[in-house]
Amino acid sequence: MTLRDVLRVAPGTAVNLESIDPDGTPGFPSLKKGRKNWAREQLAEIGAQLETLQEQVFATAKVGETRQRVLVVLQAMDCGGKDGTVRKVAGTMNPQGLSIVGFGQPTKEELAHDFLWRIRKAVPTTGQIGVFNRSHYEDVLIVRVHELVPRRTWQARYKKINDFEQSLVDDDVAIVKIMLHISYAEQGERLRQRLYDPTKYWKFNPADVDERGYWDDYQAAYADALTRCSTEVAPWYVVPANHKWYRDWAVASILAETLGDLGLHYPPPAFDLDVERARLR
């Protein structure tokens, strides 16, 4: 059984986030001590694998052998660790092969279009691994919680999202969707650190405290999104994220497992090796 099997939201399964322990470490080896150090050592090894796999994605696309690309979708409550995950996991790969996009409040131009308009523009190009730090799911999360559009509008978006993701998969985009699941108490502690650590003042946003008051509403919105949008072609994975060392190891492992299933390889030469070696000599 792979870690993806352990953390995957099975399509058609009703999700109850209260039943998933944010402090848990499912799929992690049973070690009596040294868990953090082991996870960090493993992250370095997995990172080396990811670097090779990413290069293979790029190389096969460069020679026109495939149109493969990969899209990683990260979602979490405020302080959930999206930025840290990008830094620790995506940071193991070559930045030239990465496309990292953070979606904030839509601009006037973006609001004038369908909610997927800005998302389509940011889909990674052939040979790239793209990371969405927040994504199209905000349009069934914050939009729902704050009633920014009528209920019938955001309700219709689940199917639109599923259809959109199916179209990406049909176009050779491998999708990895991960929710970083932290607890209410852990969020409070991370916010407190941002208020008492001068090196973290810049991370604090007073609006995060306001949003904290909608915790239960967000949990319900996330549960519905996970339930209705975890499909066979684009499943969701819920990663308990109170422990950052586990979070990083789990996300890296899920990504490595996914890339490993793509049949990646280095393309063969499109020239005669013996001839070119002789020419060089």
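Helices and strands are DSSP runs, a helix having at least four residues and a strand at least two, and they are numbered from the N terminus. In this predicted model, Asp172 lies in the loop between helix 7 (151-170) and strand 4 (173-181). Phi of Asp172 is near 70°, a positive value in a residue other than glycine. With a relative accessible area of 35%, Asp172 is partly exposed. A positive phi near 70° is likewise found at Cys79, again a residue other than glycine. Cys79 belongs to the loop between strand 1 (69-76) and helix 3. Its relative accessible area is 8%, and Cys79 is therefore buried, the limit being under 20%.

The secondary structure of the protein consists of 12 helices and 5 strands. The radius of gyration is 20 Å, close to the 19 Å that the globule rule gives for 281 residues, so the protein is as compact as a globular protein of that length. Along the principal axes, the C-alpha atoms fill a box of roughly 70 × 50 × 40 Å. Of the 281 residues, 47% are buried. Among contacts between residues at least 6 apart in sequence, 81% join residues at least 24 apart.

A pair of aromatic rings is described by the distance of the centres and the angle of the planes. The protein has 10 aromatic pairs. One of them is formed by Phe28 and Trp249, which are edge-to-face, at 5.0 Å centre to centre and with 80° between the planes. This pair links distant parts of the chain, 221 residues apart: Phe28 is in the loop between helix 1 (3-7) and helix 2 (35-62), and Trp249 is in helix 11 (residues 244-260). Phe28 is buried, with a relative accessible area of 9%, and Trp249 is also buried, at 8% relative accessibility. A further edge-to-face pair consists of Phe103 and Phe132, whose ring centres are 4.9 Å apart and whose planes are at 85°. Phe103 lies in the loop between strand 2 (98-102) and helix 4 (108-111), while Phe132 lies in strand 3 (residues 129-133), so the pair ties together parts that are 29 residues apart in sequence. Both Phe103 and Phe132 are buried.

Phe28 and Trp249 also belong to one aromatic cluster, together with Trp38, Trp245 and Tyr246. Charged side chains sit over aromatic rings as well. The charged end of Arg157 is over the ring of Phe115, 4.7 Å from its centre, and that of Arg212 is over the ring of Tyr184, 3.6 Å from its centre.

Phe58 is located in helix 2 and is partly exposed, with a relative accessible area of 39%. Apart from neighbours within four places in sequence, Phe58 is in contact with Gly127 and Gln128. Phe58 and Ile129 are 71 residues apart in sequence, and their C-alpha atoms are 8.7 Å apart in space.

Lys82 lies in helix 3 (residues 82-88). Lys82 is buried yet has no salt bridge. The nearest side chain of opposite charge is that of Asp78, at 5.4 Å, whereas a salt bridge requires a side-chain nitrogen of Lys or Arg within 4 Å of a carboxyl oxygen of Asp or Glu. Leaving aside neighbours within four places in sequence, Lys82 is in contact with Leu74, Gln75, Ala76, Met77, Asn133, Arg134 and Leu180.

Technical notes:
Residues are numbered from 1 along each chain as its sequence is written. Side-chain values use heavy atoms; hydrogens and water are left out. Buried means under 20% relative accessible area, exposed over 50%, partly exposed in between (1.4 Å probe, protein chains only). Lys and Arg count as positive and Asp and Glu as negative; His and the chain ends are not counted. Contact means heavy atoms within 4.5 Å. Rings of Phe, Tyr and Trp (its six-membered ring) pair if their centres lie within 6.5 Å; planes under 30 degrees apart count as stacked, over 60 as edge-to-face and the rest as tilted. A charge sits over a ring if NZ of Lys or CZ of Arg is within 6 Å of the ring centre and within 35 degrees of the ring normal. The radius of gyration is taken over C-alpha atoms; the globule rule is 2.2 Å times the number of residues to the power 0.38.
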